[in-house]
Structures are given as structure tokens and as C-alpha cells.
Amino acid sequence: MKMNCCSEKPVIGLPSGEKLCKSHFTDYFENKVFKTIRQFDLIGREENLGVALSGGKDSLTVLHILNHLSKQNPKIRINAIAIDEGIAGYRDKTLAKAIDFCTKNNIELHIFSYKEEFGLPLDEMLKILDVKPCTICGIFRRYLLNKKSRELKLTKLATGHNLDDECQSIIMNQLKNNIEASARLGPKVGIIQNDKFVQRIKPLYLCMEKEVTAYAFINGLLDDFTECPNVVHSFRAQVRDILNDMEQKFPGTKYSTVNSFLQILPLLKQKFKGGMIKVCLKCNEASANDVCNACVYLERLKKSIVKVE
Ligand code: SF4
Ligand SMILES: [Zn+2]
Ligand SMILES: [Zn+2]
């Protein structure tokens with residue numbers, strides 16, 4: 001069996017054992033992303049697409065590829081949205097990368113910060129509330145991304161989630177007996193369509209993290225591996241390490257996990273589609289409960305600040 005794609009030096013090995021050079025890998029990767037977009041019907045003929053841009057390798061890769069797509073299809077417009085959570089020494093660096101990329105590529109970038117929108121940066125919130133950083137960070141980020149995407153009249157919002165991220169989420173939900181959260185996973189996020197929600201899509205759904213890293217490196221998109229200081233506290237980081245270990249011992253583990261999940265996903269969506277979407281009594285955004293999670297945490301922040309004063 002021929003293992004190398006051609007006589008050029010290989011830069012990456014696939015789980016199948018095949019080794020690819022820079023140019024064959026770039027073709028392989030881009031074809032995989034376009035195939036994912038077609039297979040899951042992620043992008044229509046006419047879109048005002050948003051890309052959630054953190055400035056890390058995944059979101060820069062998605063933006064880089066969708067920007068090319070947009071140049072070939074003028075009916076697909078691209079905007080980038082970045083959220084500045086307020087994590088000193090981390091987000092400032094990745095945001096600088098995001099701004100630099102959008103300026104060079106002439107892409108409109110909208111930046112929204114926790115400080116302006118919620119009154120405090122994440123670092124300050126974490127000094128006040130006794131919560132896991134990623135829990136509150138994720139709730140506020142999803143809230144802002146959805147609200148701002150809708151206000152900007154974006155038809156869909158693409159994120160940089162890759163196969164490893166999805167695989168971790170599937171296992172995390174399983175381990176925490178939170179299968180309803182898995183029903184919201186998949187290349188098209190969510191269970192039911194609703195005017196309050198902007199559809200989120202994951203064009204890198206079938207790309208492994210190491211493939212995204214290689215693509216970002218080859219295309220000059222790689223950041224300097226700045227990692228959020230809060231990630232060490234996360235359950236996700238532990239699941240990530242277990243899965244990386246399994247993948248090393250049994251190549252193909254991550255693909256198998258996600259592929260088998262995709263087979264049961266339609267059944268999960270069917271099972272949980274009855275969940276009512278309400279409107280938050282405080283902010284008017286979509287919510288599963290009378291008051292949305294973002295407003296619950298904002299209220300807790302306000303109470304704690306009053307107590308401190
Ligand atoms: S690792 Fe956690 S705290 Fe850091 S940006 Fe991600 S979700 Fe937020
Ligand atoms: Zn080659
Ligand atoms: Zn609310």
C-alpha cells in the first residue's frame with residue numbers, strides 16, 4: 001500500500017496511515033470542509049454569514065476558508081464577530097490577532113465586550129462569584145453571540161468547533177448524564193428553529209484538531225498557542241486528555257465517536273424537540289426557563305456587588 005501522497009516531504013499522517021505533503025494536505029483539508037458544508041447543508045446560495053472569531057487557530061481557519069468562498073460567491077457575505085470576555089494576558093493577545101487578520105483581509109469585524117455589555121470583565125466576575133470560569137464565560141458568550149448576530153441580521157453564525165471539540169462534548173454530556181445537551185450538538189447547532197436564534201454552524205466538524213493546527217500553520221494563521229489560563233480548571237481539559245490518549249493508542253477513536261453519534265443525533269433531536277422555547281422575562285432573549293441563564297448570573301453579580309459595598 002502506498003503511504004505517501006507524492007515525492008514531496010510529508011507534513012501530516014492521517015488515521016488511515018496515509019502521509020500527505022503541504023499541498024496535498026491543503027487540498028485534502030479544504031475539500032473536507034467543503035464536503036462537510038455540502039453534506040450537512042450548512043450554507044445556502046445567499047447568506048449574510050457571521051464567523052465567531054476568537055483569534056485562535058480554529059476560528060481563523062474557518063474565517064480564512066469562508067472568506068475564500070465568499071470571494072467566489074458574491075451572494076455569500078462575511079462578517080466577523082469577536083467577544084472580549086476580559087481575560088487579561090490571553091484574550092487581548094488573540095484579539096490583536098483577530099483585528100490584524102480582518103484588517104489585512106478587509107473583513108468587517110464587530111467586537112463586543114463583557115465589560116460594556118454586562119458591566120464587568122470576566123476576570124472581575126470570577127473574583128465575585130464562586131462559579132467555574134468556563135460555565136459563566138460560555139453562558140455570556142453564547143448569549144452575546146446570538147443577540148448580536150441577530151441584531152446584525154446575520155443569517156447564520158459559523159464557529160471554529162472541530163471534531164475534537166465535538167467528541168469532547170459528546171463524552172462530557174454522557175459522563176454528566178446530560179443527554180439533552182447532546183441533542184443540541186451536531187454540525188448545525190440547536191433542536192428547533194426559532195426567530196430568536198441565529199443558526200450556528202460548524203464547518204470544521206469533521207476536521208481533527210491536529211489537522212486544523214497543521215492547516216493553520218501552513219497558511220500562516222497559527223497563534224502562538226496562547227491558552228486561556230482558566231482552561232486547566234475545566235472538565236473539558238480532562239476529557240480532552242483522555243481522548244488524546246485513546247486516539248494515540250487506538251487511531252480513529254475520535255472519528256468513530258463522532259460518526260456513531262451522528263447516527264443517533266436525529267433520534268435525540270426528535271426526542272427533545274418538545275422542549276418549549278420561552279422568552280426571558282428580564283431581557284426578552286430566548287430561554288429554556290422564565291429567566292435566562294445570563295440574567296440569572298447577572299442578578300447574582302448585582303447582589304454580590306451590593307453585599308460587598
Ligand atoms: S477556557 Fe473557559 S474561561 Fe477561557 S475563554 Fe474558554 S470558556 Fe472562557
Ligand atoms: Zn503530496
Ligand atoms: Zn435574560
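At what angle do the axes of helix α7 and helix α10 cross, and within what distance do they come?

Hello everyone. What we have here is a predicted model, where local features need pLDDT of at least 70, side-chain atom pairs count only at pLDDT 80 or more, and totals for chains, interfaces and linings use all residues. Residues are numbered from 1 along each chain as its sequence is written, while chains are lettered from A and ligands numbered from 1 in the order in which they are written.

First, the whole chain. There are 12 helices and 9 strands; helices (H or I, at least four residues) and strands (E, at least two) are DSSP runs numbered from the N terminus. The C-alpha atoms fill a box of roughly 70 × 45 × 40 Å along the principal axes. A compact globule of 309 residues would have a radius of gyration near 19 Å, and the chain agrees with that at 20 Å. That radius is taken over C-alpha atoms, and the globule rule is 2.2 Å times the number of residues to the power 0.38.

Of the 309 residues, 32% are buried. Buried means 20 or more other C-beta atoms within 10 Å of the residue's own, exposed means 12 or fewer, and partly exposed is in between, with C-beta atoms placed from the backbone. Among contacts with a separation of 6 or more, 70% join residues 24 or more positions apart; a contact has C-beta atoms, placed from the backbone, within 7 Å.

Back to my opening question. Helix α7 (residues 163–175) and helix α10 (residues 235–249) have axes that come within 9 Å and cross at roughly 110 degrees. Axes are lines fitted to C-alpha atoms, for helices over the stretch in contact, and angles run from 0 to 180 degrees between N-to-C directions. The two helices are therefore roughly perpendicular to each other, a label for 65 to 115 degrees, with under 35 roughly parallel, over 145 roughly antiparallel and the rest oblique. On the α7 side, Cys167, Gln168, Ile171 and Met172 meet residues of α10 including Phe235, Val239 and Leu243.

Now, which residues of helix α9 are buried? In α9 (residues 209–218) they are Glu209, Glu211, Val212, Ala214 and Tyr215. Their cover includes β1 (10–13), α1 (22–39), α2 (57–72) and α7. For α2 and α9, the packing angle is about 65 degrees and the axes are 9 Å apart. Here Lys57, Asp58, Leu60 and Thr61 in α2 meet Val212, Thr213, Tyr215 and Ala216 in α9. After α9 comes glycine 220, with a positive phi near 70 degrees.

Cysteine 21 sits in strand β2 (residues 19–21) and counts as partly exposed, with 16 C-beta neighbours inside 10 Å. Beyond four places in sequence, its contacts include Cys5, Cys6 and Glu8.

Most residues other than glycine have a negative phi. Asparagine 177, though, has a positive phi near 55 degrees. You'll find asparagine 177 in the loop between α7 and α8 (179–183), exposed, with 7 other C-beta atoms within 10 Å. Asparagine 284 also has a positive phi, about 75 degrees. That residue lies in the loop between β8 (278–279) and β9 (286–287) and is exposed, with 11 other C-beta atoms within 10 Å.

Key
Contact = placed C-beta atoms within 7 Å.
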